[in-house]
Amino acid sequence: MELRRACQIIYRPIRNYLQCCFWNAQVPRLQPTMSFPAAHIFKRAFMGRLGSNISHGSLSGIYRLVPQHNINTGITHNIFTHSQYKDPVKRRSFLRTKTSIQNKTSSIMASPQPHIMLYTDSTPNGIKITTALEELGLKYEVEHVDISTLRQKEPWYLEINPNGRIPAIVDTFDDGEPIRVFEGGSILQYLTERYDPEHKLSFPKGSREYYECNNWLFFQHGGIGPMQGQASHFLKYAPVKIEYGVKRYVTETRRLYSVLDTQLSKSKSGYLVGDHLSIADIANLSWVIFGEYTDVDMNAFPHLKEWEARLSARPGIAKGFHIPKVLGIKSDDPEGAKKYQSHHADWVIRSQQLEQEAFSRK
Ligand SMILES: N[C@@H](CCC(=O)N[C@@H](CS)C(=O)NCC(=O)O)C(=O)O
């Protein structure tokens with residue numbers, strides 16, 4: 001008999017015993033894996049299946065990614081932790097639930113627990129995720145990637161988002177391994193598909209509203225985001241004033257706002273899709289609140305203006321706007337807008353130069 005098979009047979013009763021006592025690393029989808037170090041040692045010895053990049057966290061008794069060493073870059077960086085399980089009391093009660101009622105396994109499996117590390121800054125794309133997380137009421141940790149310091153171009157971060165932009169998240173996937181998700185729309189879909197079974201911010205997959213929600217999510221991703229982003233660039237950050245660029249992008253942004261305004265004028269619920277707030281509203285709102293900053297007169301869009309004020313007053317959204325730091329870009333705060341502009345103008349040009357140089361060397 002093959003040695004590996006023999007080891008498995010010997011290991012099985014030990015594993016079963018451990019399964020009764022501890023959170024076992026072998027049970028798929030019951031993540032994050034809470035395990036007694038011995039379980040991992042047995043597992044490593046007999047099964048040889050421990051991922052090398054997470055072994056530090058797992059062998060320390062709490063399954064969490066701590067310093068992650070990238071063998072390609074030689075850089076070690078803390079990218080992920082499971083704070084929920086640092087607390088020994090919570091940890092013990094979690095273990096008790098698991099070990100006492102084995103039958104409950106399937107229901108735990110059905111609703112995975114988030115262990116989200118969010119990498120972000122206070123910008124339109126960044127607040128899209130913090131507002132969604134707050135509205136969903138999910139636990140998450142934040143790593144402030146101050147884009148003005150170009151942290152988003154460092155090798156450790158490019159492992160998480162190869163595009164060198166915020167936002168991005170790292171979560172624990174069903175297989176117990178970290179999963180990275182980048183691009184705001186992809187993150188919003190990931191969060192709602194995994195953690196929104198009650199459809200607080202989403203709609204049942206396959207329903208009409210589900211597809212309509214995608215329409216407005218992609219509208220933001222392919223329209224408002226890039227167009228308004230360029231409008232800000234030419235208006236606020238470009239070292240030379242190019243009237244053509246300003247006109248093209250500011251006008252296009254206004255046109256896109258009018259599309260949103262018309263949609264809202266027809267909406268009975270006051271939301272872009274269906275009868276409740278959704279990731280479609282959240283994604284677009286995160287840009288619309290920067291409207292005045294990009295020379296859009298919101299009085300021209302009464303439905304959009306009312307929607308913006310109503311949604312911005314929601315506690316979850318209001319909180320999410322100011323994570324990881326306070327936003328000060330509203331038209332009633334011209335000083336804040338000026339600060340925001342000068343904070344971003346300098347790094348935008350440096351970043352552009354750096355990226356273009358790196359690209360032309362390839
Ligand atoms: N398509 C991306 C765009 C992300 C993006 O452009 N983020 C900006 C902040 S709003 C950023 O990280 N800029 C940093 C840089 O350009 O280096 C998304 O929707 O997530």
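Q: Where is His-199 found, relative to H8 and H9?
A: Begin with the assignment. Helices (H or I, at least four residues) and strands (E, at least two) are DSSP runs, numbered from the N terminus. His-199 sits in the loop between H8 and H9. H8 spans 184–195, and H9 spans residues 208–237. This is a predicted model in which local features need pLDDT of at least 70, side-chain atom pairs count only at pLDDT 80 or more, and totals for chains, interfaces and linings use all residues. Residues are numbered from 1 along each chain as its sequence is written, and side-chain values use heavy atoms, with hydrogens and water left out.

Q: What is the phi of His-199?
A: Most residues other than glycine have a negative phi. His-199 is not a glycine, yet its phi is positive, about 55°.

Q: Is His-199 buried or partly exposed?
A: Buried means under 20% relative accessible area, exposed means over 50%, and partly exposed is in between (1.4 Å probe, protein chains only). With a relative accessible area of 27%, His-199 is partly exposed.

Q: Which phi value does Glu-183 have?
A: Phi of Glu-183 is near 75°, again positive in a residue other than glycine. Glu-183 lies in the loop between strand E6 (178–182) and helix H8. Its relative accessibility is 37%, so Glu-183 counts as partly exposed.

Q: Which residues come nearest the ligand?
A: A residue is near a molecule if one of its heavy atoms lies within 4 Å of it. There are 15 residues around the ligand, and Gln-152, Lys-153, Ile-166, Glu-183 and Gly-184 come nearest. Helix H6 (124–136) and helix H14 (334–361) each supply at least two residues of this shell.

Q: How do the residues of the shell divide into nonpolar, polar and charged?
A: Ala, Val, Leu, Ile, Met, Phe, Trp, Tyr, Cys and Pro count as nonpolar; Asp, Glu, Lys and Arg are charged; the others, Gly among them, are polar. The shell holds 4 nonpolar, 7 polar and 4 charged residues.

Q: Which peptide bond is cis at Ile-166?
A: Most peptide bonds are trans. The bond joining Ile-166 and Pro-167 is cis, with omega about 5°. Pro-167 is in the loop between helix H7 (155–158) and strand E5 (168–172). Another cis bond runs from Ile-323 to Pro-324, with omega near 5°. Pro-324 falls in the loop between helix H13 (315–321) and H14.

Q: Where does Gln-228 lie?
A: Gln-228 belongs to helix H9. Its relative accessible area is 0%, so Gln-228 is buried. Phe-290 is 62 residues apart from Gln-228 along the chain, with 8.8 Å between the C-alpha atoms. Glu-252 is 24 residues apart from Gln-228 in sequence and 8.0 Å apart, C-alpha to C-alpha.

Q: In which helix does Glu-252 lie?
A: Glu-252 lies in helix H10. Its relative accessibility is 24%, so Glu-252 is partly exposed. Thr-253 is also in H10, which spans residues 243–266. Thr-253 is at 1% relative accessibility and therefore buried. A polar atom of the Thr-253 side chain lies 2.7 Å from the backbone oxygen of Tyr-249.

Q: Where does Asp-295 lie?
A: Asp-295 is in the loop between helix H11 (279–288) and helix H12 (302–312). At 41% relative accessibility, Asp-295 is partly exposed. Val-246 is 49 residues apart along the chain, and the C-alpha atoms of Asp-295 and Val-246 are 9.9 Å apart.

Methods: A polar contact is a pair of N or O atoms within 3.5 Å; within protein, one must be able to donate a hydrogen and the other to accept it, and residues adjacent in sequence count only if both atoms are side-chain atoms.
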